[in-house]
Amino acid sequence: TPEIKPLVAGNWKMNGTREQLNELKAMAEGVAPLAGKIDTLICPPATLLYVATALCTDSPLKIGAQDCHTAQSGAFTGDISATMIADCFGTFVIVGHSERRTLHGESDALVRAKAEAAHAAELVAIVCIGETEAERKGGETLDVLKRQLAGSVPDAATAANTVIAYEPVWAIGTGLTPTAADVEEAHAFMRSELVARFGAEGKKVRILYGGSVKPSNAAELMAIANVDGALIGGASLKAADFLAISKVY
Ligand code: PEP
């Protein structure tokens, strides 16, 4: 979308010990010349959050988390809150990633409550949605996207506090990607849904594509209408790959 500044975001998932900070350092340096054109973000595991933000103080590279609880504190052993992420100088949080939805049974309502908790802590929520392979084969993709957008995105969403990430579940970590025509159709549909619900604000909300984005396919995917950046899993672990993808802009 021409008037939207793209966002290239990396999700390290449960990967990365302190050694991985060498890659982060290279990314922080490498994205500096791109800051006028795009925003860049890495979401390391929570254990590295604080040291990661400290490492990026002189870089435009933003740091975020991969999940948050719906509450800001309390008796929730093992969870982290949006307030804690903000306290570590994180500025974004991914919510509703398909691995959370599938492996932890997260519903649209829960994802929405997490996004609201993110907003309350002044974090940008990256709300992930996307159809499974069975839903794609059953011709239900747009219905699923409609339902997930309606259920997972808070009413108070704005272009400043919310990013949508379209990640077909069958394309995550598989090396498979939808055709350009399928991505274009899905993104045009999500845009129209956002505009129907949020009016002019919906035209400005960033819609990322995610699912097996790599240096060799990024240029084609990022050129598709209404694709306002990428959410990258595997290829965000290596600075060379993350920077190569960022440089398609
Ligand atoms: C993801 O998990 O958000 C993702 C898109 O993973 P990958 O790029 O490895 O497919």
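Mentor: Before we start, a residue is near a molecule if its C-beta atom, placed from the backbone, lies within 6 Å of it. And keep in mind that this is a predicted model.

Trainee: So which residues are closest to the ligand, and how many surround it?

Mentor: The ligand is surrounded by 13 residues, and the closest are Ile-172, Gly-210, Ser-212, Gly-233 and Gly-234. Sorted by class, that shell holds 7 polar, 5 nonpolar and 1 charged residues.

Trainee: Where does UniProt put the feature "active site"?

Mentor: The unreviewed UniProt entry places it at His-97 and Glu-167. They span 71 residues in sequence, but no two of their C-alpha atoms are more than 8.4 Å apart, so they gather at one spot.

Trainee: Why does His-97 count as buried?

Mentor: The cut-off is 20 or more other C-beta atoms within 10 Å. His-97 has 27 such neighbours, so it counts as buried. You'll find His-97 in the loop between β4 (92–95) and α4 (98–103).

Trainee: Which residues are in contact with His-97, leaving aside neighbours within four places in sequence?

Mentor: Gln-66 and Cys-128. With the corresponding neighbours left out, Glu-167 touches several residues, among them Cys-128, Ser-98 and Ile-172. Cys-128 therefore turns up in the contacts of His-97 and of Glu-167, by the C-beta cut-off of 7 Å.

Technical notes
Residues are numbered from 1 along each chain as its sequence is written. This is a predicted model: local features need pLDDT of at least 70, side-chain atom pairs count only at pLDDT 80 or more; totals for chains, interfaces and linings use all residues. UniProt positions are given in the numbering used here, feature names are shortened, and annotations may be inferred rather than shown by experiment. Helices (H or I, at least four residues) and strands (E, at least two) are DSSP runs, numbered from the N terminus. A residue is buried if 20 or more other C-beta atoms lie within 10 Å of its own, exposed if 12 or fewer, and partly exposed in between; C-beta atoms are placed from the backbone. Two residues are in contact if their C-beta atoms, placed from the backbone, lie within 7 Å. Ala, Val, Leu, Ile, Met, Phe, Trp, Tyr, Cys and Pro count as nonpolar, Asp, Glu, Lys and Arg as charged, and the others, Gly among them, as polar.
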